Amino acid sequence: MSLLVVGSLALDTIETPFGRVENALGGSATYIATAASYFVTPVRLVGVVGGDFPKAAMQFLEGHGVDLEGLEVVKNGKTFRWGGRYHYDLNTRDTLFTELNAFEKFDPKIPQSYRNTTYVCLGNIDPMLQRRVLEQLSKPRLVVGDTMNFWITGNNAELQRTLKLLDVLIVNDSEARQLAGEHNLIKAAKAIIRLGPKIVIIKKGEHGAVMITERTMFSAPAYPLEDIYDPTGAGDAFAGGFIGWIARTDDLSEENYKRAVIYGSTLASFCVERFSVERFEDLTSLRIKDRFHEFRELSRFEEVV
Ligand code: AMP
(Lines give C-alpha, C1' and ligand atoms only; values in the text may rest on other atoms or scores of the structure.)
Protein backbone atom coordinates (compact mmCIF):
# COMPACT_ATOMS: atom_id res chain seq x y z
CA MET A 1 0.00 0.00 0.00
CA SER A 2 1.26 3.49 -0.73
CA LEU A 3 0.98 6.66 1.35
CA LEU A 4 1.32 10.29 0.32
CA VAL A 5 1.80 13.13 2.82
CA VAL A 6 1.45 16.77 1.83
CA GLY A 7 2.03 19.69 4.17
CA SER A 8 4.54 22.11 5.59
CA LEU A 9 8.23 21.54 6.33
CA ALA A 10 9.50 24.13 8.73
CA LEU A 11 12.27 25.43 10.90
CA ASP A 12 10.61 26.07 14.24
CA THR A 13 11.60 28.24 17.17
CA ILE A 14 9.85 26.89 20.23
CA GLU A 15 9.71 28.07 23.81
CA THR A 16 8.19 25.98 26.55
CA PRO A 17 8.59 26.28 30.33
CA PHE A 18 11.26 23.56 29.96
CA GLY A 19 13.51 25.05 27.32
CA ARG A 20 13.91 26.67 23.96
CA VAL A 21 15.03 25.51 20.52
CA GLU A 22 15.77 27.58 17.46
CA ASN A 23 15.40 26.57 13.81
CA ALA A 24 14.53 23.01 14.77
CA LEU A 25 12.99 20.69 12.22
CA GLY A 26 9.20 20.95 12.21
CA GLY A 27 6.16 21.37 9.98
CA SER A 28 3.00 19.35 9.58
CA ALA A 29 4.34 17.10 6.80
CA THR A 30 7.51 16.39 8.76
CA TYR A 31 5.64 15.11 11.79
CA ILE A 32 3.00 13.21 9.79
CA ALA A 33 5.55 11.48 7.54
CA THR A 34 7.91 10.63 10.40
CA ALA A 35 5.14 9.12 12.52
CA ALA A 36 3.69 7.20 9.56
CA SER A 37 7.11 5.82 8.64
CA TYR A 38 6.89 3.40 11.58
CA PHE A 39 4.12 1.59 9.70
CA VAL A 40 4.76 2.01 6.00
CA THR A 41 7.80 2.96 3.92
CA PRO A 42 8.56 4.68 1.73
CA VAL A 43 6.30 7.57 2.72
CA ARG A 44 5.81 9.79 -0.32
CA LEU A 45 6.17 13.44 0.59
CA VAL A 46 5.18 16.61 -1.25
CA GLY A 47 6.22 19.97 0.14
CA VAL A 48 8.60 22.87 -0.34
CA VAL A 49 11.74 24.11 1.41
CA GLY A 50 14.37 26.76 0.72
CA GLY A 51 18.07 26.33 -0.06
CA ASP A 52 18.72 26.81 3.66
CA PHE A 53 16.96 23.57 4.64
CA PRO A 54 19.65 21.69 6.59
CA LYS A 55 21.25 18.59 5.15
CA ALA A 56 20.78 16.92 8.51
CA ALA A 57 17.01 17.44 8.21
CA MET A 58 17.00 15.77 4.77
CA GLN A 59 19.04 12.91 6.22
CA PHE A 60 16.65 12.58 9.16
CA LEU A 61 13.69 12.25 6.80
CA GLU A 62 15.47 9.87 4.43
CA GLY A 63 16.63 7.86 7.41
CA HIS A 64 12.97 7.33 8.27
CA GLY A 65 12.20 6.06 4.79
CA VAL A 66 10.63 9.28 3.54
CA ASP A 67 10.77 9.54 -0.25
CA LEU A 68 11.82 13.10 -1.13
CA GLU A 69 11.15 12.97 -4.89
CA GLY A 70 8.17 15.28 -4.34
CA LEU A 71 10.08 17.76 -2.17
CA GLU A 72 10.62 21.01 -4.05
CA VAL A 73 13.79 22.87 -3.08
CA VAL A 74 13.71 26.58 -3.95
CA LYS A 75 17.48 27.12 -4.05
CA ASN A 76 17.45 30.89 -3.63
CA GLY A 77 14.48 30.86 -1.23
CA LYS A 78 14.12 30.41 2.52
CA THR A 79 12.34 27.62 4.37
CA PHE A 80 9.03 28.33 6.14
CA ARG A 81 9.66 29.43 9.72
CA TRP A 82 7.30 29.33 12.65
CA GLY A 83 7.72 30.43 16.24
CA GLY A 84 5.56 29.39 19.17
CA ARG A 85 5.55 29.86 22.92
CA TYR A 86 3.75 27.50 25.32
CA HIS A 87 2.48 28.44 28.73
CA TYR A 88 2.83 26.48 31.92
CA ASP A 89 -0.25 24.28 31.33
CA LEU A 90 1.08 23.46 27.82
CA ASN A 91 -2.45 23.51 26.42
CA THR A 92 -2.24 27.09 25.29
CA ARG A 93 0.33 28.50 22.92
CA ASP A 94 1.00 31.82 21.27
CA THR A 95 2.24 32.00 17.72
CA LEU A 96 5.22 34.34 17.88
CA PHE A 97 5.79 34.58 14.14
CA THR A 98 4.91 32.90 10.86
CA GLU A 99 7.30 33.51 7.97
CA LEU A 100 5.89 31.76 4.93
CA ASN A 101 8.99 32.28 2.74
CA ALA A 102 9.13 29.57 0.03
CA PHE A 103 5.81 28.24 1.29
CA GLU A 104 4.03 31.42 0.16
CA LYS A 105 4.09 30.44 -3.52
CA PHE A 106 3.79 26.71 -2.90
CA ASP A 107 1.92 24.98 -5.68
CA PRO A 108 1.97 21.24 -4.94
CA LYS A 109 3.06 19.21 -7.95
CA ILE A 110 2.48 15.50 -7.59
CA PRO A 111 5.19 13.46 -9.36
CA GLN A 112 3.86 11.03 -11.95
CA SER A 113 5.01 8.10 -9.84
CA TYR A 114 2.85 9.29 -6.88
CA ARG A 115 -0.42 9.73 -8.78
CA ASN A 116 -1.83 6.29 -8.04
CA THR A 117 -1.21 6.58 -4.27
CA THR A 118 -3.81 4.68 -2.24
CA TYR A 119 -3.69 6.58 1.06
CA VAL A 120 -3.37 10.33 1.36
CA CYS A 121 -2.84 12.59 4.35
CA LEU A 122 -3.27 16.30 3.75
CA GLY A 123 -1.50 18.27 6.46
CA ASN A 124 -2.47 21.73 7.46
CA ILE A 125 -2.08 23.93 4.36
CA ASP A 126 -4.38 26.22 2.37
CA PRO A 127 -7.56 24.18 1.64
CA MET A 128 -7.36 25.27 -1.98
CA LEU A 129 -3.94 23.62 -2.25
CA GLN A 130 -5.28 20.51 -0.52
CA ARG A 131 -7.84 20.29 -3.32
CA ARG A 132 -5.20 20.84 -5.95
CA VAL A 133 -3.37 17.79 -4.61
CA LEU A 134 -6.49 15.64 -4.86
CA GLU A 135 -7.17 16.78 -8.43
CA GLN A 136 -3.81 15.31 -9.46
CA LEU A 137 -4.43 11.87 -7.93
CA SER A 138 -6.20 9.05 -9.75
CA LYS A 139 -8.39 7.53 -7.06
CA PRO A 140 -7.13 7.25 -3.48
CA ARG A 141 -8.85 4.77 -1.16
CA LEU A 142 -8.85 7.12 1.78
CA VAL A 143 -8.18 10.82 2.19
CA VAL A 144 -7.42 12.17 5.65
CA GLY A 145 -7.18 15.91 6.17
CA ASP A 146 -6.27 18.39 8.84
CA THR A 147 -6.99 22.10 9.07
CA MET A 148 -6.61 24.96 11.54
CA ASN A 149 -8.32 28.12 12.82
CA PHE A 150 -6.36 30.20 10.33
CA TRP A 151 -8.25 28.61 7.40
CA ILE A 152 -11.58 28.27 9.20
CA THR A 153 -11.79 32.01 9.68
CA GLY A 154 -9.57 33.08 6.77
CA ASN A 155 -10.76 30.91 3.90
CA ASN A 156 -13.96 29.23 4.93
CA ALA A 157 -15.50 29.02 1.45
CA GLU A 158 -12.47 27.10 0.12
CA LEU A 159 -12.43 24.93 3.22
CA GLN A 160 -16.10 23.99 2.72
CA ARG A 161 -15.29 22.79 -0.81
CA THR A 162 -12.33 20.75 0.39
CA LEU A 163 -14.32 19.16 3.23
CA LYS A 164 -16.61 17.54 0.67
CA LEU A 165 -13.60 15.57 -0.63
CA LEU A 166 -12.28 14.28 2.70
CA ASP A 167 -13.09 10.88 4.18
CA VAL A 168 -11.62 11.67 7.59
CA LEU A 169 -11.11 15.09 9.18
CA ILE A 170 -8.76 15.40 12.16
CA VAL A 171 -9.09 18.63 14.13
CA ASN A 172 -8.62 19.81 17.69
CA ASP A 173 -11.52 20.72 19.96
CA SER A 174 -11.44 24.47 19.43
CA GLU A 175 -11.23 24.03 15.66
CA ALA A 176 -14.20 21.64 15.69
CA ARG A 177 -16.28 24.13 17.68
CA GLN A 178 -15.31 26.97 15.39
CA LEU A 179 -15.93 25.03 12.19
CA ALA A 180 -19.37 23.82 13.30
CA GLY A 181 -20.42 26.90 15.27
CA GLU A 182 -21.38 24.52 18.06
CA HIS A 183 -19.91 24.20 21.56
CA ASN A 184 -20.78 20.55 22.24
CA LEU A 185 -18.13 18.40 20.57
CA ILE A 186 -20.42 15.51 19.66
CA LYS A 187 -22.91 17.84 18.02
CA ALA A 188 -20.03 19.71 16.39
CA ALA A 189 -18.63 16.47 14.92
CA LYS A 190 -22.06 15.51 13.56
CA ALA A 191 -22.45 18.93 11.99
CA ILE A 192 -19.02 18.52 10.34
CA ILE A 193 -20.05 15.10 9.02
CA ARG A 194 -22.91 16.84 7.22
CA LEU A 195 -20.27 18.99 5.48
CA GLY A 196 -18.54 15.99 3.90
CA PRO A 197 -16.18 13.76 5.95
CA LYS A 198 -17.58 10.40 7.02
CA ILE A 199 -15.39 10.32 10.11
CA VAL A 200 -14.38 13.21 12.37
CA ILE A 201 -11.61 12.80 14.92
CA ILE A 202 -11.40 15.48 17.58
CA LYS A 203 -8.14 15.80 19.50
CA LYS A 204 -8.42 17.13 23.01
CA GLY A 205 -4.75 17.45 23.96
CA GLU A 206 -4.03 15.79 27.27
CA HIS A 207 -7.67 14.66 27.41
CA GLY A 208 -7.31 12.27 24.50
CA ALA A 209 -9.24 11.98 21.27
CA VAL A 210 -12.71 11.02 20.16
CA MET A 211 -13.66 9.50 16.81
CA ILE A 212 -17.21 10.09 15.64
CA THR A 213 -19.13 8.69 12.69
CA GLU A 214 -22.80 9.07 11.82
CA ARG A 215 -23.69 6.12 14.06
CA THR A 216 -20.76 5.39 16.36
CA MET A 217 -18.35 6.93 18.82
CA PHE A 218 -14.93 5.83 20.14
CA SER A 219 -13.05 7.61 22.87
CA ALA A 220 -9.33 7.17 23.53
CA PRO A 221 -7.45 8.57 26.50
CA ALA A 222 -4.16 10.40 26.11
CA TYR A 223 -1.22 8.44 27.47
CA PRO A 224 -0.52 9.84 30.95
CA LEU A 225 3.03 11.20 30.79
CA GLU A 226 5.06 12.60 33.65
CA ASP A 227 7.33 14.65 31.44
CA ILE A 228 6.07 16.65 28.50
CA TYR A 229 8.63 18.99 26.98
CA ASP A 230 7.15 20.25 23.73
CA PRO A 231 3.59 19.68 22.46
CA THR A 232 4.47 20.91 18.94
CA GLY A 233 3.53 18.41 16.29
CA ALA A 234 1.49 16.15 18.57
CA GLY A 235 -1.59 16.58 16.38
CA ASP A 236 0.38 15.83 13.25
CA ALA A 237 2.10 12.83 14.83
CA PHE A 238 -1.40 11.59 15.73
CA ALA A 239 -2.48 11.94 12.10
CA GLY A 240 0.68 10.15 10.94
CA GLY A 241 0.20 7.24 13.33
CA PHE A 242 -3.46 6.99 12.33
CA ILE A 243 -2.97 6.98 8.55
CA GLY A 244 0.22 4.94 8.81
CA TRP A 245 -1.59 2.10 10.54
CA ILE A 246 -4.52 2.23 8.10
CA ALA A 247 -2.15 2.21 5.11
CA ARG A 248 -0.16 -0.68 6.53
CA THR A 249 -3.21 -2.84 7.17
CA ASP A 250 -5.37 -1.67 4.25
CA ASP A 251 -8.40 -2.36 6.42
CA LEU A 252 -11.18 0.22 6.61
CA SER A 253 -13.29 -1.59 9.18
CA GLU A 254 -14.64 0.18 12.27
CA GLU A 255 -12.47 -1.96 14.56
CA ASN A 256 -9.34 -1.12 12.62
CA TYR A 257 -10.10 2.59 12.75
CA LYS A 258 -10.14 2.23 16.56
CA ARG A 259 -6.68 0.66 16.49
CA ALA A 260 -5.54 3.50 14.24
CA VAL A 261 -6.78 6.05 16.80
CA ILE A 262 -4.74 4.31 19.50
CA TYR A 263 -1.65 4.23 17.28
CA GLY A 264 -2.22 7.93 16.59
CA SER A 265 -2.38 8.61 20.33
CA THR A 266 0.73 6.48 20.86
CA LEU A 267 2.81 8.40 18.32
CA ALA A 268 1.55 11.74 19.68
CA SER A 269 2.58 10.71 23.20
CA PHE A 270 6.14 9.98 22.08
CA CYS A 271 6.33 13.20 20.07
CA VAL A 272 5.84 15.46 23.10
CA GLU A 273 8.51 13.77 25.21
CA ARG A 274 11.28 15.82 23.59
CA PHE A 275 11.67 18.97 21.51
CA SER A 276 11.02 19.03 17.78
CA VAL A 277 11.42 15.55 16.22
CA GLU A 278 14.14 14.50 18.67
CA ARG A 279 12.11 11.67 20.20
CA PHE A 280 11.88 9.98 16.81
CA GLU A 281 15.64 9.81 16.47
CA ASP A 282 15.91 6.59 18.44
CA LEU A 283 12.28 5.51 18.74
CA THR A 284 11.76 1.90 17.74
CA SER A 285 8.69 0.04 16.49
CA LEU A 286 9.01 -2.21 19.52
CA ARG A 287 8.57 0.71 21.95
CA ILE A 288 5.55 1.82 19.94
CA LYS A 289 3.98 -1.61 20.15
CA ASP A 290 4.59 -1.74 23.92
CA ARG A 291 2.91 1.58 24.51
CA PHE A 292 0.02 0.59 22.21
CA HIS A 293 -0.55 -2.36 24.54
CA GLU A 294 -0.33 -0.14 27.61
CA PHE A 295 -3.21 1.91 26.22
CA ARG A 296 -5.43 -1.14 26.47
CA GLU A 297 -4.64 -1.51 30.15
CA LEU A 298 -5.31 2.16 30.86
CA SER A 299 -9.07 1.88 30.90
CA ARG A 300 -9.67 -1.85 31.14
CA PHE A 301 -11.52 -3.09 34.21
CA GLU A 302 -13.23 -6.30 35.22
CA GLU A 303 -16.93 -6.38 35.96
CA VAL A 304 -18.06 -8.24 39.06
CA VAL A 305 -21.60 -9.63 39.01
P1 AMP B 1 0.75 21.17 15.60
O2 AMP B 1 1.48 21.36 16.90
O3 AMP B 1 0.31 19.78 15.35
O4 AMP B 1 -0.31 22.20 15.39
O5 AMP B 1 1.82 21.45 14.44
C6 AMP B 1 2.83 22.37 14.59
C7 AMP B 1 3.61 22.49 13.28
O8 AMP B 1 2.80 23.19 12.32
C9 AMP B 1 4.87 23.29 13.50
O10 AMP B 1 6.01 22.45 13.31
C11 AMP B 1 4.79 24.44 12.49
O12 AMP B 1 5.95 24.55 11.72
C13 AMP B 1 3.61 24.11 11.59
N14 AMP B 1 2.78 25.27 11.29
C15 AMP B 1 2.46 26.31 12.10
N16 AMP B 1 1.67 27.21 11.46
C17 AMP B 1 1.47 26.73 10.19
C18 AMP B 1 0.74 27.19 9.04
N19 AMP B 1 0.06 28.35 9.04
N20 AMP B 1 0.75 26.41 7.94
C21 AMP B 1 1.42 25.25 7.93
N22 AMP B 1 2.12 24.76 8.97
C23 AMP B 1 2.16 25.48 10.09
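A: The side chain of threonine 117 makes a polar contact with the side chain of arginine 44, at 2.8 Å. A polar contact is a pair of N or O atoms within 3.5 Å; within protein, one must be able to donate a hydrogen and the other to accept it, and residues adjacent in sequence count only if both atoms are side-chain atoms. This is a predicted model, in which local features need pLDDT of at least 70 and side-chain atom pairs count only at pLDDT 80 or more, while totals for chains, interfaces and linings use all residues. Residues are numbered from 1 along each chain as its sequence is written, and side-chain values use heavy atoms, with hydrogens and water left out.

The side chain of threonine 117 also reaches the backbone oxygen of tyrosine 114, at 2.4 Å. Threonine 117 sits in the loop between strand 7 (93–99) and strand 8 (119–122); strands (E, at least two residues) and helices (H or I, at least four) are DSSP runs, numbered from the N terminus. With a relative accessible area of 0%, threonine 117 is buried. Buried means under 20% relative accessible area, exposed over 50%, and partly exposed in between (1.4 Å probe, protein chains only). Leaving aside neighbours within four places in sequence, threonine 117 is in contact (heavy atoms within 4.5 Å) with Ser2, Leu3, Leu4, Arg44 and Pro140.

A nonpolar core is a set of buried Ala, Val, Leu, Ile, Met, Phe, Trp, Tyr and Cys residues joined through side-chain atoms within 4.5 Å. The largest has 63 residues, of which Leu3, Ile201, Phe242 and Phe280 touch the most other members. Apart from it lies another core, of 42 residues, among them Ala10, Val143, Leu159 and Leu179. Leaving aside its neighbours within four places in sequence, phenylalanine 242 is in contact with residues including Val144, Ile201 and Tyr257. In soluble globular proteins, nonpolar side chains tend to be buried together.

Arginine 131 belongs to helix 3 (residues 127–135) and counts as buried, because its relative accessibility is 13%. Again leaving aside neighbours within four places in sequence, arginine 131 is in contact with Glu158, Arg161, Thr162 and Leu165.
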